[in-house]
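Open the model in a viewer and keep the selection tool at hand. The stops below go from ring pairs to helices and then to the nonpolar cores.

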Amino acid sequence: MSLPPSPNPNPNPNPSSSLPSLLPLRYLVLLSFSLLTLTSSWLWITFSPLTSLLSHHYSLPPSSINQLSTVFMFTYVLGGLPSIYICERLRLRRSLLIGGGLTTLGAGVRFFGAAEEGVKGFVYAYIGSFIAAVGQLFTLSVPPLLSTLYFPPSSRSLATSIGVLANQSGTALGLGLTGLYVQNFPKDFKNYLGLQTVTGLTSFILIYIYVLDNPPQPPSFAATSRISIPISPFPTYVSEIKKILKLKSLLLSTISYGISTGVFYTLATFLEQLLPSYSDNLISELGLTIVITGLVGSITSGIILDKYRMYLDVLRYLYLASFIFTVLWMGSNVWPIWALFGVAGMMGFMLTGTICTGFEYAVELTFPVNEGTVGGILNVSAQAFGCILIWIGEALLTVSVDWCNGLMVLSLGCACFIMFFVVDDRDYKREAKEKGAENDESRLLRNRTESANSNHGEEEEEEENHHVDKEASVV
């Protein structure tokens, strides 16, 4: 059974229709995608706050419980680049329908059997997580593509940040709500997994109703350009990947992006194990604080980028601040509670801000390469570094919590060095294209106005000459 195509697969690519227009559809599309990516991220981190409880419930070591989150990263590392090409061929609507369907199916499998005791329950949890992880292949790189297709330049970075924000909101639910909701285990746990399934199904229905491959009226020249570009054959796609990875600034910023996002994943996965002396409820509240401040950081960075377009400068300062607050985090077990929440909140604010800004910076450097392709490359880097840092961190935790914290500090220190002393590319191609298109439009409008004024003047002169001739004939 084939998926239904977009009702509008071939919109009019006429540049005159690419001027910004306020369409309610774009907000419904963003809402539909946001609910899906929220669900996916929620499924990823659900088990982390319950590591000790589930380790006893499944009769397995904590490292096995960690695999229920690392399976998402491992799957993306292996399938990320092929999935980017598949998504490019399927276009936006079908990609999100497949991603939404697999996410809902994975959540349903976990609801059906993950609450059972012993290894059997763990197998259900792992299979469901793996299915949802495959669904994530079709959704994780979407934010910059969706914002380019549906939003004008004045709100494009904000739209990207909202897509990232929604993903982080799922992490907030996983870290903050899980420990607070699951009080009567396993009854509350099963109900909780059922709530995730309903959320996934709702997002799938919204995507089926509202999401089109392209908006009826492209809101910008970049969107018109994206729609008019034909789908490349696979060899061309591979050569395109190789070509953009040869861009020094893109390659190095992708590595830095992977490191910073990997540190965030490591913090989220090991939060309970990094704070062994604190209660589960306090850890849930701390995780919620990290992600809520991250939401604010994502929105703030999007607003700043839309207003000032200083992509590299904003990215550098976010990396530097992330490094500073991660150094402070090393004293987490001796800080008073208020200071611990303050440091954790600032870490979330800065680390999440690098995600949105990193997306936008990479898209600017590589335009007109497909935004989904660029986002996919960044996400492969993020998942790869997430896997590496979690595997190393897991080994270091057996020695000392301080060693794992030191790993995060060292990693972000390397990312800061790269962004401040190696990367210095401000060739913002998409912004230049938009400005050039706006100048062309202004020049065309000015010429039309001058032509109209000239014609009007000639008409007045002819009328005056006709009046003079008429008077002369009367005389």
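Rings of Phe, Tyr and Trp (its six-membered ring) count as a pair if their centres lie within 6.5 Å. With that in mind, select Trp42, Tyr181 and Tyr192: ring pairs link these residues into a cluster. Note before going on that this is a predicted model.

**Whole chain**

Show the protein as a cartoon: there are 16 helices and zero strands. Of its 475 residues, 56% count as buried. Switch to a surface view; the accessible surface comes to about 19900 Å², and 66% of that belongs to carbon and sulfur atoms. Among contacts with a separation of 6 or more, 87% are between residues 24 or more positions apart.

**Aromatic pairs**

The structure holds 13 aromatic pairs. For one of them, select Tyr58 and Phe122, whose rings are 5.9 Å apart centre to centre, with 70° between the planes, an edge-to-face pair. Tyr58 belongs to helix α2 (residues 51-58) and Phe122 to helix α4 (residues 118-136), so this pair ties together parts that are 64 residues apart in sequence. Both Tyr58 and Phe122 are buried.

Next select Tyr257 and Phe359. Their ring centres are 5.8 Å apart and their planes stand at 50°, so the pair is tilted. Here too distant parts of the chain are linked: Tyr257 is in helix α10 (residues 248-274) and Phe359 in helix α13, 102 residues apart. Tyr257 is buried, at a relative accessible area of 2%, and Phe359 is buried at 3%.

**Arginines over rings**

Select Arg26 and Phe151: the arginine lies over the face of the phenylalanine, 5.5 Å from the ring centre. Then take Arg93, which lies over the face of Tyr208 at 5.3 Å from the ring centre.

Colour residues 24-45, helix α1. From first C-alpha to last, the 22 residues of α1 reach 32 Å, close to the 32 Å expected at 1.5 Å a residue.

α13 is mostly covered, with 25 of its 30 residues buried.

**Leu96**

Now centre on Leu96, in helix α3 (residues 62-113). Is Leu96 buried or exposed? Its relative accessibility is 0%, so Leu96 counts as buried, the cut-off being under 20%. Leaving aside neighbours within four places in sequence, Leu96 is in contact with Phe33, Leu36, Phe138, Thr139, Val142, Ile207 and Val211. Take Val142 from that list: Leu96 and Val142 are 46 residues apart in sequence and 8.8 Å apart in space, C-alpha to C-alpha.

In soluble globular proteins, nonpolar side chains tend to be buried together. In this model the largest nonpolar core has 82 residues, and those with the most contacts inside it are Leu267, Leu271, Leu274, Leu286, Trp329 and Tyr361. Helix α13 (residues 337-366) supplies the largest share of this core, 14 residues. Zoom in on Leu271: not counting residues up to four places away in sequence, Leu271 touches Ile283, Leu286, Gly287, Ile290 and Trp329.

For the last stop, select Leu38, Leu50, Phe189 and Tyr192. These are among the 18 residues of another core, which lies apart from the largest one. Tyr192 also belongs to the ring cluster with Trp42 and Tyr181.

Notes
Residues are numbered from 1 along each chain as its sequence is written. This is a predicted model: local features need pLDDT of at least 70, side-chain atom pairs count only at pLDDT 80 or more; totals for chains, interfaces and linings use all residues. Side-chain values use heavy atoms; hydrogens and water are left out. A nonpolar core is a set of buried Ala, Val, Leu, Ile, Met, Phe, Trp, Tyr and Cys residues joined through side-chain atoms within 4.5 Å. Buried means under 20% relative accessible area, exposed over 50%, partly exposed in between (1.4 Å probe, protein chains only). Helices (H or I, at least four residues) and strands (E, at least two) are DSSP runs, numbered from the N terminus. Contact means heavy atoms within 4.5 Å. Accessible areas come from the Shrake-Rupley method with a 1.4 Å probe; for residues, only the protein chains shown count as cover. Rings of Phe, Tyr and Trp (its six-membered ring) pair if their centres lie within 6.5 Å; planes under 30 degrees apart count as stacked, over 60 as edge-to-face and the rest as tilted. A charge sits over a ring if NZ of Lys or CZ of Arg is within 6 Å of the ring centre and within 35 degrees of the ring normal. The expected span of a helix is 1.5 Å times one less than its number of residues.
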